[in-house]
Amino acid sequence: MTTDTALQEVKFYQTGTFTIGNRLLGEDERTVQSNMRRTNSLNSGHRACQGCGEALGARYAIDAAMKASGGQVMAANATGCLEVFSTPYPETSWQIPWIHSLFGNTAAVASGMAAAMRVKGRKGVKVIAQGGDGGTTDIGFGCLSGMFERNDDVLFICYDNEAYMNTGVQRSSATPPAARTATTAALGAHPGNVFGTGKNLPLIAMAHRIPYVATASVANVHDLEAKVTKAMQIHGARYIHIHVPCPLGWGSAPEHTIRVARLAVESGLFPLFEAEHGKVVARYRLRSRTPVAEYLKLQRRFAHLFGKNPDVGTLAAIQEIADRNIEELALA
Ligand SMILES: Cc1ncc(C[n+]2csc(CCOP(=O)(O)OP(=O)(O)O)c2C)c(N)n1
Ligand code: SF4
């Protein structure tokens with residue numbers, strides 16, 4: 001954390017090694033994250049929990065955006081964990097121009113920033129809006145839909161940890177069925193979030209027929225960076241929805257963040273795809289079809305489904321959701 005104006009560079013403790021699976025790749029194919037000269041947009045020293053998927057996702061996305069734009073990025077950030085852990089005023093971990101908006105108006109603030117850049121003739125400056133799933137799917141949804149409908153020149157990134165984590169794990173409209181939160185039924189025949197509720201924001205974004213929509217996961221850095229890089233080249237409204245496990249809210253081990261994220265993808269519960277102007281144009285095909293139970297059992301928010309008498313009915317209903325995703329998006 002620094003209030004110093006000088007940029008802090010990345011420090012790898014083991015120099016001469018290639019991080020995150022890049023060892024066998026040529027220089028051009030390695031991730032932005034493996035490069036010691038990346039911008040380090042979200043600097044170390046912030047106050048996220050250990051293993052926070054949102055901190056990883058934001059760093060991966062904004063570093064990739066900085067590389068793609070030659071360092072010409074500014075961001076609006078909704079209230080939520082990402083804002084709170086990165087920027088306890090007057091300190092900040094961000095090494096980019098960054099504005100804290102209200103919880104619900106990030107998309108509108110970013111639209112204004114893009115308009116200001118247009119008026120000033122600063123064509124090269126790219127505007128990103130970012131927030132959690134609560135700030136995106138619930139309270140910020142009206143402003144976001146307006147930003148899509150006007151095709152404002154903004155990339156909106158939702159870091160989806162499937163609840164309102166910053167205020168103590170309340171349910172959002174991105175909370176999956178059966179997940180326990182502070183505001184879903186703790187007891188009864190079927191504790192946790194009810195089935196048949198919630199919103200699928202990537203599909204809603206596609207319904208606006210905006211130029212680009214993608215889903216991404218912190219478990220697949222190459223894919224995430226490629227999508228951000230592509231989005232930075234496109235003019236108009238763009239939306240990327242990144243799945244970011246939250247050890248605190250999900251009751252998963254901090255060291256399992258990537259594993260949990262990967263199992264969400266490989267089970268079909270969090271499909272990875274890209275869409276242009278409302279049509280799916282690419283999808284990540286599953287390497288192996290993993291049963292949803294493998295993903296769920298690593299998280300205490302689903303612990304009531306396991307134990308001596310597993311809730312086979314609820315597990316089958318969740319498996320059905322994954323199977324439907326796999327079929328509808330032709331993932332297998
Ligand atoms: C109008 C308004 N209502 C409520 C709050 C309190 N609040 C701040 S952050 C937050 C939850 C954020 O959840 P989410 O957007 O999912 O982000 P996360 O913290 O999970 O990353 C809430 C309810 C607020 N700041 N403003
Ligand atoms: S509560 Fe979750 S999202 Fe927030 S900082 Fe901790 S791990 Fe990250």
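Is Arg 209 buried or exposed?

**Figure 1. Arg 209 in the loop between helix 6 and strand 5.** In this predicted model, Arg 209 is exposed, because its relative accessible area is 55%. Although Arg 209 is not a glycine, its phi is positive, at about 55°. The loop that holds Arg 209 runs between helix 6 and strand 5, the latter spanning residues 212-217.

Figure 2. Gly 134 contributes through its backbone, with an N or O atom 2.8 Å from an oxygen atom of ligand 1.

**Figure 3. The shell around ligand 2.** Ala 48, Cys 49, Cys 52 and Glu 54 belong to this shell, together with Cys 81, Phe 85, Asn 161, Met 165, Cys 246, Pro 247 and Leu 248. By residue type, the shell consists of nine nonpolar residues, one polar and one charged. Helix 2 (81-86) and helix 8 (247-250) each provide at least two of the shell residues.

**Figure 4. The largest pocket, with a volume of about 910 Å³.** The lining is made up of 36 residues, of which Lys 199, Asn 200, Leu 269, Ile 321 and Asn 325 are the closest to the pocket centre. At least two lining residues come from each of helix 6 (201-207), strand 6 (238-243), helix 10 (292-296) and helix 11 (312-328). Helix 11 gives the largest share, with five residues.

**Figure 5. Helix 5 and its packing partners.** Within helix 5, which covers residues 141-149, the buried residues are Leu 144, Gly 146, Met 147 and Phe 148. These buried residues pack against helix 3 (106-120), helix 4 (133-138) and helix 6, as well as strand 4 (154-160) and strand 6. After helix 5 comes Asn 151, with a positive phi near 55°.

**Figure 6. Asn 40 in the segment before helix 1.** Asn 40 counts as buried because its relative accessibility is 6%, under the 20% limit. Its phi is positive, near 60°, in a residue other than glycine. The side chains of Asn 40 and Asn 43 are joined by a polar contact of 2.9 Å. Beyond its neighbours within four places in sequence, Asn 40 is in contact with Gln 8, Glu 9, Val 10, Arg 59, Asp 63 and Gln 95.

**Figure 7. Met 74 in strand 1.** Strand 1 spans residues 73-77. Met 74 is buried, because its relative accessible area is 14%. Leaving out residues up to four places away in sequence, Met 74 touches Pro 97, Met 113, Met 117, Val 125, Lys 126, Val 127 and Ile 128. Ile 96 lies 22 residues from Met 74 along the chain, yet their C-alpha atoms are 6.1 Å apart.

**Figure 8. The cis peptide bond between Tyr 89 and Pro 90.** Omega for this bond is about 10°. Pro 90 is located in the loop that connects helix 2 with strand 2 (98-100).

Conventions: Residues are numbered from 1 along each chain as its sequence is written. Chains are lettered from A and ligands numbered from 1 in the order in which they are written. This is a predicted model: local features need pLDDT of at least 70, side-chain atom pairs count only at pLDDT 80 or more; totals for chains, interfaces and linings use all residues. Side-chain values use heavy atoms; hydrogens and water are left out. On a 1 Å grid over the protein atoms alone, a cavity is a set of points where a 1.4 Å probe fits but cannot get out, and a pocket is an open set with protein on both sides within 12 Å along at least five of seven lines; lining residues have an atom within 4 Å of a point. Grid points are joined across faces, edges and corners, and a volume is the space filled by probe spheres set on the points. Helices (H or I, at least four residues) and strands (E, at least two) are DSSP runs, numbered from the N terminus. A residue is near a molecule or strand if one of its heavy atoms lies within 4 Å of it. Ala, Val, Leu, Ile, Met, Phe, Trp, Tyr, Cys and Pro count as nonpolar, Asp, Glu, Lys and Arg as charged, and the others, Gly among them, as polar. Buried means under 20% relative accessible area, exposed over 50%, partly exposed in between (1.4 Å probe, protein chains only). Contact means heavy atoms within 4.5 Å. A polar contact is a pair of N or O atoms within 3.5 Å; within protein, one must be able to donate a hydrogen and the other to accept it, and residues adjacent in sequence count only if both atoms are side-chain atoms.
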